[in-house]
Each structure stands twice: as structure tokens, then as C-alpha cells.
Amino acid sequence: MTRRFTFDGQEITCASTDVVAAALTAAGHRAFRQTDTEAKRGIFCGMGVCQDCLVTVDGQPNQRACMTPVREGMKVETQVARPPLTPPAPRSLTPKRLTPEVLVIGGGAGGLSAAIAARDAGAEVVLLDERKVPGGQYFKQSADTQKAPLDPQQSEGRELQRRAREAGVTLLSQTEVWGAFDGPEIMATSPEAVYAIAPDRLIVATGAYERPAMIPGWTLPGVMTVGAAQTLWRSYRTLPGKRVALFGNGPLVAQVAQELTAGGAEIVVLAEAAPAPATRPFAALDMARRDTGLTRKGFTMLARLRRYGVRVTHDALPHAIHAQNSALMVEYSARGRPAQVEADAVLLNYGFQPSNEILRLLGCDMTYDARFDHLRVTRSSTCETTVPGVYAVGDCCGLGGAPAAMVEGHIAGRAATGASSRPDDDSALRRHRGFQDALWRLYSARLPLPEEAAPETHICRCEEVTKAQLDAALTDDPTDIGALKRATRIGMGRCQGRYCAPAVAGIMARRQGLPLEDLSYFAPRVPIKPVDIAAITAAEALLDDPE
Amino acid sequence: MTDLLIIGGGITGQVAALVAAEAGARVTIVDAQRNAGSHANAGSLHVQMQSRFLRLNPHLADNLESSLPLYLAAVGEWEALDARLGGVELTREGGLMLAETPAQLEFLHEKAGREARKGLDVEILNRDALHALAPWLSEQIAGAELCRNEGKLNPLVANRKMRAALDALGVRHVHDRITGIEDGPHPVAHGARAYAADAILIAAAWGAGALAGRLGLNLSTPPEPLHMNITEAGEYRIHHLVQHAERPITLKQFRSGQVVIGGGWEARTATADRQAPGIRKTSLLGNVALAAQIAPGIGGLRVLRTWAGYNTPVDGKSTIGPASHGSRVFFALPGDAGYTLGPITGRTAVSLALGLTPPVDPAPYAPARWRA
């Protein structure tokens, strides 16, 4: 099945299950919108958080190309910086109030596992997921559910999803959370409805988003996260470009290189920040001891890459990306020696940031984890946060990986329904956490601090605030990150500080000689993501009920 | 030892510091850095009587009405500040207070009459005149009061430039919370440290009440936590500061294209020192839905962020002047619409402290009315 639509008047044919970003990428388009300074932007995060791939669809601006399914005959246009104030077409969203025993937010490895466990223990369970097909970032399902899974990882995700449906979990897909209030009460929107959900127990399983490299040119169209490229390929069978350069740290980078190669891409460089594993035999052995299967999977993947002629360049970091004709030129260094490479797509991943917005809004205690440079939510052995009745599982709590997320989901799902935990869950969790620990010792790398970024580097993508502007504001000694935000507009844009906050919080803390903590980051605010005024108008009907 | 110690680093204290430093005084600003006042403000320049205040404080309507000349002077003071600071995106395109029903329009007629007698430049617009002026308004709006004195500015720009101007003049900034003041020929303010000065100016909005008791004043300054929303940018079309005769709303568009929506929806008072005031679901939904009814064109934009700040209405009238006759401790409290009135309040109060001629007659605003 195909669909036809136009982009700036040009006709595009694509698969009926595509999102706009995939169809445009397949048709060779990289730039989707223009910023206030007329810079061009395209798909970056591929998962609905960066807000950079906005297009105007049938006259309605501010639609994320990465999350918007194509419709026959739709008129997609490049989004201008300040679209006209045209009243949108009336949209009927049904206001719905739900009060399930257990609400799970996020349909990835942790969320699906939690929902199944809670349902199996007898609870009525509602699960919200933003995507049309759940599975999350790890299982990353094909948007075309008729397509055969690409590999065991996709099959496993499909199986988990099937089990959730069979167990009787109410699965609300394409449902995005934008509000979290004490209670807890969750506000969310789907294409047809707006929800106010007040569950007895809440399980947050919102995963993580990727940390890019803040270097000159990281905002150019064609530069995206490794995960965005993986989504284009795994969910939509679209390559991010023909010649692909990958820069990052950790096993995902090589995995995606291998997947894209298998899909027909030419990997022009696979640059890993960490030194070669052979230099760290103890960590490698420890990793193998804790999970032989996963370790073997990793080595098989690297062997496969070698067969394709792709070798990992270790000790390598990107320094700048330039647009050159219709391609991208990356300046990088490998073992201290400068190099450059031309590519059609440049993929970046330097770790992960937990999507902990809901947890922070609800007031869950957090502590700073220096190793992964992000916040970890404080949890009991049953994954309950410091807010009674609110549980958190998986990478939204701090990086832990999908296998641990699934066990945590199981533990939290049972605990949320009052069922006791199982000893084998606890031992499995210890094993997965031990594996993660060894894995990241193997991949540990000295990454540049944001302080070291070149003056022209955008620190805030959305508001286009450069490192030089940040430095100028820092000379006034702002008292806290809020004062810096007001002085520079850093963090005031559509992504709500998701990319700049970790960088700026670190810079401020190191300047002031203070430890990082929850308050080092921007204060959590509703909406969790930019929310349509139409959704708010529809949700107002839900106020007639007692708050 | 400093010539003038100013308690409160919001716009009121900052303008007082600017005036004093330009007159050659050594000035220190001590601030508790809650940042919920001027630093949370959305930049409306109010002149006409706000229906929010009249609705919430009907018993204080006379105070507000008698303050109208101060509001007029306040906008003039802001224009001077705009010039002094090299531009804070100030515009004076006027403010509209909307009516949907004949009764609301009648209320505006009566209000406009009272305001005209106080010197405001106001006019009642019928449906056709209004929609010609503001074609983005919903058809349900039947008329409005236009107040040509009103306007808006960008508080982020103003606050940043203000700080730079003070730094250039050598004004010292100290982070501390003042908990008590000893009056005398050389008054002393006590926080984590003690600060002696020739004169102390209290420009601490909701923090002023706690300092007033020991000065013999029965002044209460509870904060009014108010909810705000901001959208992503759209084409700049909404030039006026928009309010409603009966419903709680202010709506305006920054030159950046972002639409700011507020107007008196309540937020939660912060419970801990380092917390910001909290957001209520009812305010987010109610306030934004109301804005979209009034200006349907903003419906294509998304709400990016909400926040809350403190207004300090006191009794709807400024409190300006020495704590008592001959005291070296002075008050500079705007009394509602603190960001609009801050500069004129700060300049008037500091003029009294330094023996300069105040820009307005301070007599009506004397703290004497708070003597226990």
C-alpha cells in the first residue's frame, strides 16, 4: 500500500505506514523547517522530543515530521519561523477521564513488562505509548506490522507486545503525555481523545533520549542521533542517507552501523570515543562472565561489520560538521590525528539522558550519577519512588539497559498490585546491572566537556544560543540555572531544555564548585512537551469533574 | 558601609539603585533570590483599572482608582527607562479590555468615564471599530475599551539590560535574606550578615510585610501567586495588551512572535525556600482555553511552558516614603501591577531618601496609613 502527498508542491509517494520524516528522507529531502535566523533544520532525535523536524501540514504548523503519519493527499510544507495565526481546522477530541488501578507510561521494554506483570497479578492496566506501534527504542518495531521482523530483537519486541494485548492490557497508542500533576494525575492526547488519568498506582517507563555531541554544525539537516537513523531504518526501512558517518560511544553505535550496512548504506566512518576493547581485557572478561549471550551477540555484530569491510575507529571524536554542496563534511580526530570525511548523513550518540520529566514534576527525589552524567531517581527495592504509589522502571531512572528494564518492569508491575517480588527477579537484576557496569567500563571514554566547545557552537538548538553568548552571560555570574536561562534564553525553546540543560547544569556546577543535584537543572514545568492549544481546549471539559 | 542599602533586587529596587548611583551614591542591593517577582513577570504595562483587581478586591476599588495618575506617570517612567537602557522592546500600542455582552460593555463605559476623569486616554469601541483594529479577535467579542496609554515590553531584555547598567555604575549585589531592620540615624539590616547604611530602602514586595512590624507598621503583604503560559512563535499580529471585562485574562504577543497568556489564574505558593511557585491544572486548562476563545488564531500554536510568579497587591495603592517621620528606612512598594509601577515607585522613594525632588507627590502613598 502506498500513499501520495506533496512537499512544497512536489509529489511524494511512500509506504502507507510511513511518518512524514521517513517519506521525506526517502525522497531525498533533509531540510524540513527554517529557524528565526533562516537556518535549515531536519530530523534530529527521531523520537518526538527535539521538536526540530516541524512541518506545516494542511496549513496547520508545528507538526513533528517524525511523529506524524502520512495521509493520502496531505499537503506538507516547509515550516517558516513564524507561521501565520490562522485558526486551525476544528478538531474534535473527546475528553475522557480514566481511573485504572495501574497506569503505565511508555510501551518499551520496561513498560510492556510492567503492564504484563500487573495485569497477570489481576489489576486493571492502562498503558500509554506515543508510537502507533509500541516497543520503545530498544525493540523499535516496524511501522508496518505485516512486515517480518528484521532480527531476534524485533521479534522479541513483537512477542512482548502480543503478550501485553493477550493479557488484557488496555493499550493506548499514539497517546502522548503532556501533563503530570500531584495525585498523580496524568494528562495525555491521542489523535481522537484527550485524557485525564488518575490511577491508583503509576508506573513511569518513559525511557531515555540520546546525548549528541555539541560541536559546530550539529544542528545541520542530515546530522541526527544514531537512534533517529535506527528508527528510520528499523521502523520505516529508510536509510538516513547513502554515505553514513557514525560518531559515538557505546554498543548502539556499532549495532546501528551494522544494521544500516545490511540495509545498503555505505559506512564512511564508524568512530568510537573509547579505546579498543583489547586495551581493557578485564572489563571485557567481566562482561562476558556476566552475560555470555549478550557478549557473544556483540562480538558477532563486530565480526559481521568486518565482513562488510567496516572497521571501528577507536579513540575518535568529531570536532565540526560543515555543509558542503549537498553533503556534509566532518572534521574529526582519531588517536589525536586530524581527519575528515564526507557523508550524506552524520549520526551522533554520546550516551543517554533519562526522560525523567514526569518523575521530576511529581517531586520524586533524584540524585546525580557522575559516571553517566545524569540524574537517577531514588527507588526502593520494588522500584517505588519517594512519592508513594509512583514507580519507575528502565532507563528513565538512569541508564540501565533493556534487559534490566524488563526485570524492573516485572518487579514494579507485581509490587504495584500488592504481589510479592520473586527472588529470581532480584538475581536477574543483579546480573543485568553487573553486565551494564562491565559494559560501560569497557566503553568508558573521556568525552569533551561542554565548556570546551568552540565559540560558534549552538548550546541551545531551539533558541540558537551559541557558546560565545553563554560565556558572555556567565561573566555576570548568574546565581543559578534559572537566572542564566532568563539572561540568554537557553532552555526556553520547544525542546524545553532537553539538550542544553545537562550541558549548562554541568558548566554552572563546575564554575561554582557545587555538586550537581536535581535543582541544578531547569525547574520541571508543564507541559512536558509542547501541547496543542486545541488539546487544552478539549481538556477543559474535564474540569467540570472535581479536581 | 554603604550610602544606600536596597532590600529587593526586582525592578523597583533596581530603578532606585540606578537613580541613586547616578546621583553619586554608593549602593548595595541585597536580594534573597527567590526571583518570583520581576524575574517571573510577563511585561504588561497596565494603566486602566484591571478587572482582575476589581473582581478580587472590590473593597479596594477606590484605592486603585485614586492611583490612576501614578499609573500614567509609571508608563512615562518606563519610556524614560527604555531610552536609558537602550531599548527593552517597549511598545505603546494600547490595551484592549474586551466585552462580550451589553452588560460588560456598560461596565466598561462606566469605568472608562471614571478613568477619563483621571486623565487616561480611553475610548469605547463598538464591534466594527474593534474588529477593524484587531481582526484576529473572535466574532463573539462585541466591543472593547481601548486605553491608549497601555503597552508592553520584554522583561527578559529589560532585566538583563538593567543589571548591566547597574554593574556599570558599580552597584553592589549581595545574596542574603534580610530578616530584621534596626531604625536609627544609621539603620542596620540583619540577615546572615549585618548591613549598616545611611539609608535603607525596602523594595521587597511580598517580603516587606515581615520587615514592617519592627518599624511599627501593621503592613501585610501576602503574595498572590499567578499562573502564566507562553506559546511558540507565530506571525506578529496581536499588537495590543488584551484583557477582558469580566473574565481573568491578559494576552499579548512579544515581538518574537510568542504569545503570553495570563491574567490572574491562581498558582500555588511555594513551600520551600528554593522552590518556585507551583502550577495548577485548572489554571493551565482554563486560562489557555479562554485565550483561544478570544483569539482563535493562536490555536495553531502550542503551549511551550507555564510558570508562576508573585504579584503583591497589598491594598491596591503604593506605599512610598519613610517608615515614620524622620526615619532613614524607606518603603517602595508598588501595590499591585508591580512591574508597571516599580520604576516610578522606586524613583519616588529613593528621591525622598536622597533628598531629591520626587517625580510625583508622595503624600497619598505615605506609609503612615499602616501605623498600628
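Predicted model: local features only at pLDDT ≥ 70, side-chain atom pairs only at ≥ 80, totals over all residues.
1. Extent of the interface. On the chain B side, 44 residues are in contact with 48 residues of chain A. The area buried between the two chains is about 4000 Å². Carbon and sulfur atoms give 57% of that area. In chain B, the residues that lose the most area to chain A are B:Lys281, B:Leu285 and B:Arg302. Together they account for 19% of what that side buries.

2. A salt bridge joins the side chains of B:Lys281 and A:Glu185, at 2.8 Å from N to O. B:Lys281 is also among the residues of chain B that lose the most area to chain A. Polar contacts across the interface come to 14 residue pairs, with both residues at pLDDT 80 or more.

3. Elements on the chain B side. Four elements are listed as giving two or more residues to the side that touches chain A: helix 7 (155–168), strand 12 (224–233), helix 9 (281–294) and strand 16 (302–311) of chain B. Helix 9 of chain B gives the most, with 9 residues. By residue class, this side of chain B divides into 16 nonpolar, 16 polar and 12 charged.

4. Strand pairing between the chains. Strand 31 (residues 531–532) of chain A is joined to strand 16 of chain B by 2 bridges. The two strands run antiparallel. Here B:Arg302 in strand 16 of chain B stands opposite A:Asp532.

5. Strand 14 of chain B. This strand spans residues 250–253. B:Thr250 and B:Lys252 point one way, B:Leu251 and B:Gln253 the other. All are buried, B:Lys252 included.

6. Partners of strand 14. Strand 13 (residues 241–244) of chain B pairs with strand 14 of chain B in the antiparallel sense, over 2 bridges. B:Leu251 is the bridge partner of B:Val242.

7. The hairpin of strand 14 and strand 15 of chain B has 4 residues between the strands. In this hairpin, B:Gly257 takes a positive phi near 100 degrees.

Technical notes
Residues numbered from 1 in each chain as written. Chains lettered and ligands numbered in written order. Heavy atoms only, no water. Contact = heavy atoms within 4.5 Å. Buried area = accessible area lost by both parts, 1.4 Å probe. Salt bridge = Lys/Arg side-chain N within 4 Å of Asp/Glu carboxyl O. Polar contact = N/O pair within 3.5 Å; in protein donor to acceptor, adjacent residues only side chain to side chain. Nonpolar A, V, L, I, M, F, W, Y, C, P; charged D, E, K, R; others polar. Pairing = 2+ DSSP bridges. Buried < 20%, exposed > 50% of the residue type's maximum accessible area, 1.4 Å probe, protein only.
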